[in-house]
Amino acid sequence: MMTTVYDCFIVGGGIAGLQAAIQIGRYGHSALVADMDSGRSALCRSYHNVLGWPDGVSGMELRRLGRSQAEKTGVKFVKDEIVKAERVGDLFVLQGRDGAYKARTVLLATGIMDRFPDLPGLVPCLGKTVYVCPDCDGFEIRNRKTLVMGSGDSGAAMALTLSERTDELLFINHERKPIAAELARSLREKGIVVIAEPIREVLEENDGLFQGVMLASGGEIWADRGFIAFGGNEVRSSLAEQLGAERHENGHIMTDARTKMTTVPNLWAAGDIGVHSEQVTIAMGEGSQAAIWMHKTLGRMSKQPAGIGV
């Protein structure tokens with residue numbers, strides 16, 4: 001069987017992966033991006049803090065534009081989930097659910113996925129009027145009545161972080177998990193009310209305009225904006241573990257600050273899967289940074305024509 005050996009294989013077609021693909025393609029390297037059209041950026045209805053998009057831009061629009069831009073440089077895409085990775089000689093061999101792939105260098109841009117319950121009305125609001133990141137979107141709740149929908153300490157900590165943005169905060173402890181005594185005391189001191197009751201549904205209208213929530217008891221709480229903070233997010237670094245890359249205790253991949261290479265030669269990681277503030281603009285920067293050093297490394301590697309059969 002003839003198998004193409006790519007110069008670069010990118011796992012994940014989110015923001016970091018796409019930015020890397022654009023840079024790699026502009027160098028003229030052969031590259032393949034494997035993506036499942038899922039992840040944080042696929043859910044976010046509007047990023048508000050990205051240069052050049054003062055009125056916001058959806059994650060899906062950024063992905064559409066990024067893929068088109070990368071494809072114009074010759075980068076190829078495949079819809080596949082990579083489930084296994086190993087090093088065989090000088091090459092990486094990656095096994096997807098629908099195919100097998102070989103490459104000289106690999107970038108992991110698999111990101112993380114926020115944990116949240118399957119509440120009717122929630123997903124249409126994400127990134128538009130219900131947010132995840134206080135650094136990205138704390139600005140959006142200034143002086144607005146805001147509900148933090150979360151669980152235990154994670155939700156309590158989010159509410160306290162947001163308290164500098166608005167005085168009208170309420171924390172709904174959906175999963176009714178315990179709150180640490182120190183956090184509970186701080187909530188009381190800030191005057192943040194805690195309701196320990198499950199949410200039945202998120203009240204929204206006009207395709208993502210958050211109105212509040214309906215509780216399991218049937219009561220309704222009205223608000224202008226929302227945040228979610230349930231903790232236990234999925235860190236998608238299993239491929240790094242398979243390849244022997246060093247990870248932190250929380251699963252995030254350790255990389256060189258200058259090059260974004262992992263502790264495994266010729267294996268890079270960029271975006272939310274790494275260790276940094278989880279923001280789309282940082283993911284873009286890390287994608288470019290990793291691609292630049294992948295290019296430098298390929299230039300030093302033994303010259304074998306790309307795209308040959310082996």
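Analyst: In this predicted model, strand 12 is joined by six bridges to strand 13, which covers residues 209-215, and the two run antiparallel. Within this pairing, E204 stands opposite F210 of strand 13. The pairing belongs to an open sheet of three strands, ordered 12-13-14, with antiparallel pairing. Strand 12 (199-205) and strand 14 (220-222) are the edge strands of this sheet, and because each has a single partner strand, one side of each is left without a neighbour in the sheet. If direction is ignored, neighbouring strands of this sheet are turned by 25° against each other on average.

A sheet with parallel pairing can be set beside it: five strands form an open sheet in the order 8-15-9-10-11. Here the edges are taken by strand 8 (130-131) and strand 11 (193-195), each of which has a single partner strand, so one side of each lacks a neighbour in the sheet. Two bridges join strand 8 to strand 15 (residues 225-229), and these strands run parallel; Y131 stands opposite F227 in strand 15. Helix 5 (residues 152-162) packs on this sheet, where it touches strand 9 (146-150), strand 10 (169-173) and strand 15, and the direction of helix 5 makes about 175° with that of strand 10.

For V75, once its neighbours within four places in sequence are left aside, the contacts are with A21, G25, A31, V33 and A70.

As for the aromatic rings, the structure holds two aromatic pairs. One of them is formed by F9 and Y101, a tilted pair with 5.2 Å centre to centre and 40° between the planes. This pair links distant parts of the chain, since F9 lies in strand 1 (residues 5-11) and Y101 in strand 6 (residues 100-108), 92 residues apart. Both F9 and Y101 are buried.

Charged groups also sit over rings in this model: the charged end of R142 is over the ring of F139, 3.6 Å from its centre, while the charged end of K296 is over the ring of W293, 5.3 Å from its centre.

Note on methods. Residues numbered from 1 in each chain as written. Predicted model: local features only at pLDDT ≥ 70, side-chain atom pairs only at ≥ 80, totals over all residues. Heavy atoms only, no water. Pairing = 2+ DSSP bridges. Helix = DSSP H or I, 4+ residues; strand = E, 2+ residues; numbered from the N terminus. Contact = heavy atoms within 4.5 Å. Axes fitted to C-alpha atoms, helices over the stretch in contact; angles between N-to-C directions. Phe/Tyr/Trp six-rings, centres within 6.5 Å; stacked < 30°, edge-to-face > 60°. Buried < 20%, exposed > 50% of the residue type's maximum accessible area, 1.4 Å probe, protein only. Lys NZ or Arg CZ within 6 Å of the ring centre and 35° of its normal.
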